[in-house]
Amino acid sequence: MTDRSYLQQLRTPTAADPLRILMSACLAGVTCGFDGTANGEYPSALKILQYNTVRVTRFCPEDFSFGSPREMCDIHGGDGFAVLDGKAKVLSDSGVDWSAGMIAAAEEMTAVALRNNVELAVLMDVSAACGSQVIYEGNRFAPEKKYQIGAGVCAALLMRKGIKVISQRDYASLELLYAKIDPAHQMKQDAKDHHEIDWYKSYFAAQIS
Ligand code: SF4
């Protein structure tokens, strides 16, 4: 769940003093996805790049540790916080333990974020590295793939270091961000964050009721 009060209180940036945002590199068009693509286009994230009131730092943690293209990977036995605590593992599709590499990637991403003094991270949801609201529970290619509420490893470490994270699917939060970086932006009042959409409320009904 995103912290909208934080977004409401964000300062109003200018071109001379832009808002410092960390983005999953693939959301910013870098072809760092597992298959060497940018994982599709997400207009909600690409829009951020249009403003001179924003300074975007792009980083792909999986590319940092595993290169591109690479296998897919998922978290088994918990979420990204559990991986950081040694209680869950990141496994590649072929079953190789990528936990250490993913933790190294998380540490590097966090170092980049702190070095650039970022004020917000906008990350690709559902990724074992960058997911912040929803991730897979175990292998995404299992016959009955499952999702869980939780963060990927890199998003989890960013959060632990006090960096606020939203995803490209948190449309209500993004509306607040657009309003900060563009004084002319007309807020869409019916926009919803990922945890507010019908699929989320239905899929996780047992957990959130
Ligand atoms: S690790 Fe993050 S930045 Fe890299 S491709 Fe996956 S979601 Fe995108």
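This is a short tour of a predicted model, stop by stop.

**Whole chain**

Start with the protein chain in cartoon view. Look for 9 helices and 8 strands. The radius of gyration is 17 Å, close to the 17 Å that the globule rule gives for 209 residues, so the chain is as compact as a globular protein of that length. Along the principal axes, the C-alpha atoms fill a box of roughly 50 × 40 × 30 Å.

**Ligand**

Next, select the ligand and its surroundings. The shell holds 14 residues. Show Ser24, Cys26, Cys60, Met124 and Cys130, which are the closest. Which helix gives the most to this shell? Color residues 61-66: helix α3 does, with 3 residues. Now color the shell by class. There are 8 nonpolar, 4 polar and 2 charged residues.

Select serine 68 together with proline 69. A cis peptide bond joins the two, with omega at about -5°. Most peptide bonds are trans.

Is phi positive or negative at asparagine 39? Phi is positive, near 60°, in a residue other than glycine. Most residues other than glycine have a negative phi.

**A helix pair**

Last, select residues 99-115 and 153-160, which are helices α5 and α6. Two packed helices are described by the angle between their axes and the distance between the axes. Here the angle is about 45°, and the axes lie 8 Å apart. That angle makes α5 oblique to α6. The crossing of α5 past α6 is right-handed.

From α5, show Met102, Ile103, Ala105, Ala106, Glu107, Met109, Thr110 and Ala113.

Methods. Residues numbered from 1 in each chain as written. Predicted model: local features only at pLDDT ≥ 70, side-chain atom pairs only at ≥ 80, totals over all residues. Axes fitted to C-alpha atoms, helices over the stretch in contact; angles between N-to-C directions. Helix = DSSP H or I, 4+ residues; strand = E, 2+ residues; numbered from the N terminus. Parallel < 35°, antiparallel > 145°, perpendicular 65-115°, else oblique. Left-handed = near helix turned anticlockwise from the far one by under 90°. Contact = placed C-beta atoms within 7 Å. Near = placed C-beta within 6 Å. Nonpolar A, V, L, I, M, F, W, Y, C, P; charged D, E, K, R; others polar. Rg over C-alpha atoms; globule rule 2.2 N^0.38 Å.
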